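Subject: Structure for your set

Hello,

Here is the structure we talked about. Please look it over before reading the notes below it.

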Amino acid sequence: MPVTTPAAPVPAPSYSSSGPVMPQDFDSLLHQDPEVGSILLAEADRQAGTLQLIAAENFTSPAVLAALGSPLANKYAEGYPGARHHGGCEQADAVERLAADRATALFGAEHANVQPHSGSSAVLAAYAALLRPGDTVLAMGLPYGGHLTHGAPGNFSGRWFEFAGYGVDPDTGLIDYAQVRALARARRPKAIVCGSISYPRHPDYERFRDIADEAGAYLIVDAAHPMGLIAGGAAPSPVPYADVVCATTHKVLRGPRGGMILCGSGLAERIDRAVFPFTQGGAQMHTVAAKAVAFGEAANPRFALYAHQVVAHARVLASALESEGFEITTGGTDTHIVVADPAPLGVEARSARERLMAAGVVLDTCALPYGDARGLRLGTAAVTTQGMDEDDMTRIASLLARAVRGEDDPGSLRAEVGELTEHNPPYPG
Ligand SMILES: *Cc1c(COP(=O)(O)O)cnc(C)c1O
């Protein structure tokens, strides 16, 4: 009788609305390597016991963590399914095909490359596929929310390409499309990049496409932040407009740390070769498996509900912070991101962040679209995964305002944070 090897079962999407449960305890690791084990335990405590408002972070499901901790972590799989440089890649092939199929179905794209190690690696590969060193690229300027890969002097992008930066209208905080068009006409870029680390509104992808067509430029959308909102139908999709969409899988999308690229079939081969062998070696197959799990979860209607809640929560947070005296860039948000200027409270952003840290609130500062001062960047992806609701957002805004003003002592603020997180543990049980 022929022996058939069944395909390895891929963990079924199992995110429940009551919240994920930690799949493994740390007991065995604590026993084997107390030094590392105790650090990981302390990190789990930190994540559970403080308020996670970093806009780029989220809590992955136990199924995603299980895939990350699976034996695929041991497997070398250079190349692509059906064309590997190593033997024994049957299950690696199966899981990569599944991840790519789920990604193309989820986002309505013709082709998906799920191998990029990170969002930056995805952008590097997109540039490698479409550009030559020295080419001109038009992207959002770093002072307005452009990412490091959009021309920062210390990044490969700033070193190898000529970047021109567009900005936002200083009064409205919104992308100045007339300026984008004028810069595209004047500089004739080979590619236009649309994407940001702190822009709280939806870019007008159709307008970017139009400007790119007029300039004869590729349109690369770096959707690292909104990709999860796009998956859940809570933000417009760039897929119909962009030549290439780059993204992370670990932000609102709630998958493992990693990157992905979507494109039309016409660019598929160039993108694939730009990822491997041009910019990467062997893919991290345990991460690819975890991406497949995350795409499966994101295809569930519960994820659409989540994505819409994330935006609703950000809107409540923005308006409550405004009532507390913060100035909110663009006057609000369409996404998970809120950028709040603490200047009206008489406190500069870096010291505001320190006061918030002392109170157990974790967030970032970011550039403001006007002046030299920085603002506070907040996101609602993680707290929404924890199960917090709109009332909690109002409580958080009040807590933030009191912490920044320095009115209440950090101890009592920490107790308030503890109450919020105790009611909404990221990994109950
Ligand atoms: C987060 C982000 C990236 C990079 O992601 P990494 O995984 O940290 O490399 C790239 N572009 C934008 C716009 C981002 O927000």
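The notes cover the ligand site and then the salt bridges.

This is a predicted model, in which local features need pLDDT of at least 70 and side-chain atom pairs count only at pLDDT 80 or more, while totals for chains, interfaces and linings use all residues. Residues are numbered from 1 along each chain as its sequence is written, and side-chain values use heavy atoms, with hydrogens and water left out.

Polar contacts are pairs of N or O atoms within 3.5 Å. A polar side-chain atom of Ser 120 is 2.7 Å from a ligand oxygen, and one of Lys 251 is 2.8 Å from a ligand oxygen. Of the 380 Å² that the ligand exposes when taken alone, the protein buries 86% (Shrake-Rupley method, 1.4 Å probe).

There are 17 salt bridges (a side-chain nitrogen of Lys or Arg within 4 Å of a carboxyl oxygen of Asp or Glu). In one of them, Asp 135 pairs with Lys 190, with the closest N and O atoms 3.3 Å apart. The two residues are 55 residues apart, each in a loop. Asp 135 is buried at 17% relative accessibility, and Lys 190 is partly exposed at 34% (buried is under 20% relative accessible area, exposed over 50%, partly exposed in between; 1.4 Å probe, protein chains only).

Arg 181 and Asp 210 also form a salt bridge, at 3.1 Å from N to O. Arg 181, Arg 185, Asp 210 and Glu 214 are linked in a network of salt bridges.

Regards

Technical notes: A polar contact is a pair of N or O atoms within 3.5 Å; within protein, one must be able to donate a hydrogen and the other to accept it, and residues adjacent in sequence count only if both atoms are side-chain atoms. Helices (H or I, at least four residues) and strands (E, at least two) are DSSP runs, numbered from the N terminus.
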